Amino acid sequence: MRPARSAGLGLGLALLSAATFGTSGTFARSLIDAGWSAGAAVAVRVGVAALILAAPAALALRGRWGVARRSLADVGLFGLLAVGGAQLGFFNAVRYLPVGVALLLEYSGIVLVMLWMWLRHGERPRRLTVAGSVAAVVGLSLVLDVTGDARIDPVGVLWGLMAAVGLATYFVLSARVHPELPSVALACGGMAFGAVVLVVLGVLGVLPLHATFGSVGFAGHRTSWLLPTAGLVLVAAVISYVTGIGAARILGAALSSFVGLTEVLFAVLIAWLVLDELPGVLQLIGGAFVVAGIALVRLDQLPGRHAAATEEPVRV
């Protein structure tokens, strides 16, 4: 596959992943409002998704079981941090912080990705990447409307930083795992391990796990709890994780993490369409900043650009 077509496919997968991840809040809200704990919603989301992906993962691994055995450490780390850690950190952060602040902390994980690529692989960020980072963070702040008088609880900040580490792990591990390990196998194994961790935490009493099984409110209507649960599993887990891992393998950790920022834009758009939560002018302006930031980072990674560039890397 030619590089341009490959990059186009990667961007398409990354946007699809961001859009499907962006539905999780809308689906989960109806369950949580009906009495589900956040931990139970997450455990069902990734646990059932892992079961659905088990057969496709097994078929994809035919003849490559040795690769699976050699990748167990990466799969376990992916499940522990990228699945369980990221979601547990975020849902605990929102207990102490406004949702916007918690999301901003989680998405600071893109900075951790850049630092990791610099310190571990010597990929020092250049001017356009730095400019894109600044534009994306400013835009994210506007989209999430974090300017307010809310008190910042340090406990919530710590949980939010845990979510950021989990998010950064998601992009880094998705890009670095053995190239012969199918994306569906990594997604299945990681979600299965993450679900086990969440259930164990629930059994130990660390994480509340409780659910109700009656009708719930969704998109202004009363419906069965199965509808948002199916959306949370099939759309916000199965599709989102598989496509996100595939995108990171094509684009690399840095660019895929920036494209992942569009999840917030999709989440705002979906909340507008489904929950009638109209975005404000500042959110729309912020969305433009995020898109501009992603475009700058993508431009900085175009093939041949650095070979022709005369500017020195940014000293940071």
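User: Which residue just after H11 takes a positive phi in this predicted model?

Analyst: In this predicted model, helix H11 covers residues 226–251. The residue that takes a positive phi, of about 90 degrees, just after H11 is Gly 252.

User: What distance separates the end C-alpha atoms of H11, and what span should its residues give?

Analyst: H11 has 26 residues, which at 1.5 Å a residue should span 38 Å. H11 also bends, by about 30 degrees at Ser 240. The expected span agrees with the distance between the end C-alpha atoms, which is 35 Å.

User: How are H2 and H11 oriented to each other?

Analyst: Helix H2 (residues 24–33) packs on H11 with the axes 8 Å apart and an angle of about 155 degrees. Angles over 145 degrees count as roughly antiparallel. The crossing of H2 and H11 is left-handed. H2 and H11 are therefore roughly antiparallel.

User: How many charged residues does the contact of H2 with H11 hold?

Analyst: From H2, the contact takes Ser 24, Phe 27, Ala 28, Ser 30 and Leu 31, which meet residues of H11 including Pro 228, Leu 232 and Val 235. The contact divides into 7 nonpolar and 4 polar residues, and the number of charged residues is no charged at all.

User: Where does H5 bend?

Analyst: Helix H5 covers residues 72–96. Its 25 residues should span 36 Å, and the end C-alpha atoms are 35 Å apart, which agrees. The bend of H5, about 40 degrees, lies at Gly 85.

User: How are H3 and H5 oriented to each other?

Analyst: The axes of helix H3 (residues 38–60) and H5 come within 10 Å and cross at roughly 155 degrees. The crossing is right-handed. With angles over 145 degrees counted in this class, H3 and H5 are therefore roughly antiparallel.

User: Which residues of H5 make the contact with H3?

Analyst: On the H3 side, the contact is made by Ala 38, Val 42, Arg 45 and Val 46. The residues of this contact divide into 5 nonpolar, 1 polar and 1 charged. On the H5 side, they are Val 83, Gln 87 and Phe 91.

User: How are H5 and H10 oriented to each other?

Analyst: H5 packs on helix H10 (residues 183–203) with the axes 7 Å apart, at an angle of about 55 degrees. H5 passes H10 in a right-handed crossing. Residues that meet include Gly 76, Gly 79 and Gly 84 in H5, and Gly 189, Gly 190 and Gly 194 in H10. H5 and H10 are therefore oblique.

Key:
Residues are numbered from 1 along each chain as its sequence is written. This is a predicted model: local features need pLDDT of at least 70, side-chain atom pairs count only at pLDDT 80 or more; totals for chains, interfaces and linings use all residues. Side-chain values use heavy atoms; hydrogens and water are left out. Axes are lines fitted to C-alpha atoms, for helices over the stretch in contact, and angles run from 0 to 180 degrees between N-to-C directions. Helices (H or I, at least four residues) and strands (E, at least two) are DSSP runs, numbered from the N terminus. Angles under 35 degrees count as roughly parallel, over 145 as roughly antiparallel, 65 to 115 as roughly perpendicular and the rest as oblique. A crossing is left-handed if the near helix is turned anticlockwise from the far one by less than a right angle, and right-handed if clockwise. Contact means heavy atoms within 4.5 Å. Ala, Val, Leu, Ile, Met, Phe, Trp, Tyr, Cys and Pro count as nonpolar, Asp, Glu, Lys and Arg as charged, and the others, Gly among them, as polar. The expected span of a helix is 1.5 Å times one less than its number of residues. The bend at a residue is the angle between axes fitted to the seven residues ending there and the seven starting there.
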